[in-house]
Amino acid sequence: MQERCRLHTNLRTFIEQLRRENDLVEIHAPVDPHLELAEIHRRVIAEEGPALLFTNVKGSSFPVITNLFGTSKRVDLAFGPRPEQLMKQIVELMHKLMPPTPKALWSERKLIADLLKVGLKTVPAHQAPALECRQEEVDLTRLPVITSWQEDGGPFITLPLVYTQHPVTGQHNLGMYRMQIFDKQTTGMHWQIHKGGGFHHHEAEKRNQDLPVRVHLGGPPALIASAIAPVPEFLPELLLTSLIIGQKLPVVRPEGGGYPYIAEAEFILSGMVPAHERRLEGPFGDHYGYYSLAHEFPVFHVKEVRHRKDAIYPATVVGKPRQEDYYMGEFLQRLLSPAFPMAMPGVRDLWTYAETGFHPLAAAVVRESYSREALANAFRILGEGQLTLTKFLIVTDQLTPLDDFPRLFETVMERFDPATDLFIFGHTSMDTLDYTGRRFNHGSKAVLIGTGEVKRRLPAEYHGPDLPGIRSAAVYCKGALVLEAESFESSPELADRLLEHHGEALSEWPFIFLVDDIQAASGQTPFLWTVFTRFDPAYDIYARTELIRHHPSYCFPIVVDARMKPGYPDELETDPSVKKLVDERWKEYFGK
């Protein structure tokens, strides 16, 4: 038990623990980082298999570790229960110490002592393994950077920990942004509209300044978690890392000034992102399960590459849920959920859904101490950090487990009034990777509210009429009917026709979802992924509507057209030749 609670201060102690737990497999057969390695990874993670250490990667002398966080068990091994317990204690402490008294401070002295350990610790360069080796000439092609999908624009670094500082305030940000390898010395820098590094670059560009950038690969698992955590802008990610590991984070301060080096990293890339320089980046398969298209993004010019003498290159593979971000997202939401009421007092619980790629869908349990307070709390959520890019937000005042989506959705459908409780907002921003909005970074949002007493009983079986253009029907959960329909290209007006000719007959169903494949109704992951990555509220929600004092008053059923539309990027599918290669070599990889 003590071993399970151990906090890892670098990548290799975590790897050693996985080896002792028999949760790591070493693959010594030669493996190509172009497509082959990623397909092996995808098959293993689909079976909730072990972490993978590839020791013989073609074209590079460095081994590659993947699938570090591909199960709930490994996430628990990486972080243990302490960070979540500590976060809850911190939130409770804030209440106990308002106002602070000598008695209260003394009673919490152990926790306060733990908090005094949070911070950065400066160490000399010779004590930093990350600075042991330096490339004489920068050559990024010597790193075993993987290519995951056959239509990708090239290899890209999948777990970069990108450190920047605000050009005026000096406040730091640690984020994870896609970095396409262009050549030996340059990469793309996929700063999306809601990312801290992008904010820093924007401020630098306004002043016609280049922005220094330092990219770390590896280090404590907590460093990776902190880089992707949806924390408020004012909370420094390096301090969150220190909080998670329970001790100060060792860094090296350069003698001539500049950004710190994280001492326990595996690789460190240092350089500059010039102002006003852009280059076409992409396309790439992404965590939504589709290809994101090619767009102009800033360029990172690498001036220095440092690494451990026995460096291990950490990587992950992005694709359809569930991937590693699913399990990391679960941990981070549990870790940060006690702090939500501090930032948003009316919010009791909050969850975003990894099955959709996070931004397309969120749900919250909120306070409703007066009529319509739930709407005020919804606006508060949509104004908070990365939550501003939420596409569809569901709120309720009922204490229901948000990760159980069918139960949540039934709770809301039993209570919401279609005349007053569905709000659709057009002309809003949208996540860079979501292409349902018909225009890059633009789209719409919807808020669905279900509070108070139960208003209706939900149907659990479909006994309605045969519907033209519909091939099959299935119930996802009570009140939610899924219809496999003709393609959007052959029948774009299908939703309108259903409402016009069969609206009354279908009115016992609060929600109807049009999909291309009825398998979408087979479980939470396929339903959420299919539906919420394939519709934009302003374009794809249909209902019989009456406009009353500027508010659309809807009638049941509300039809969501979640079919693939023209212009949507392609769904990710493995190249048949790669599939065949991995099939043939499978026993060679695993010695079976």
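This is a predicted model: local features need pLDDT of at least 70, side-chain atom pairs count only at pLDDT 80 or more; totals for chains, interfaces and linings use all residues.
## Overall fold

Now for the contacts. Take those between residues at least 6 apart in sequence: 73% of them join residues at least 24 apart.

## Surface and charge

Of the 592 residues, 59% count as buried. The protein exposes about 24600 Å², and 52% of that comes from carbon and sulfur atoms.

On the charge side, there are 63 positive and 77 negative side chains. The centres of those two sets sit 6 Å apart.

## Threonine 164, on the inside

Threonine 164 belongs to strand S7, which covers residues 161-165. Its relative accessibility is 0%, and buried means under 20%, so threonine 164 counts as buried.

Which side chain does threonine 164 join through a polar contact? That would be histidine 200, at 2.8 Å. Leaving aside neighbours within four places in sequence, threonine 164 also has contacts with Gln171, His172 and Asn173, with Trp191 and Gly197, with Leu211, Pro212 and Val213, and with Tyr259; His200 is in that contact list too.

## Histidine 550, on the outside

Histidine 550 sits in the loop between strand S28 (541-548) and strand S29 (551-561). Is histidine 550 buried or exposed? With 77% relative accessibility, and exposed meaning over 50%, histidine 550 counts as exposed.

For a sense of distance, pair histidine 550 with methionine 189: they are 361 residues apart in sequence, and their C-alpha atoms are 43 Å apart in space.

Helix H12 runs over residues 373-382 and is mostly covered, with seven of its 10 residues buried. The buried ones are Glu373, Ala374, Leu375, Asn377, Ala378, Ile381 and Leu382.

What do the buried residues of H12 pack against? Their partners are strands: S20 (347-353) and S21 (358-366), plus S22 (392-396), S23 (422-429) and S24 (442-450).

Methods. Residues are numbered from 1 along each chain as its sequence is written. Side-chain values use heavy atoms; hydrogens and water are left out. Buried means under 20% relative accessible area, exposed over 50%, partly exposed in between (1.4 Å probe, protein chains only). Contact means heavy atoms within 4.5 Å. Accessible areas come from the Shrake-Rupley method with a 1.4 Å probe; for residues, only the protein chains shown count as cover. Lys and Arg count as positive and Asp and Glu as negative; His and the chain ends are not counted. The place of a charge is taken as NZ of Lys, CZ of Arg, CG of Asp or CD of Glu. Helices (H or I, at least four residues) and strands (E, at least two) are DSSP runs, numbered from the N terminus. A polar contact is a pair of N or O atoms within 3.5 Å; within protein, one must be able to donate a hydrogen and the other to accept it, and residues adjacent in sequence count only if both atoms are side-chain atoms.
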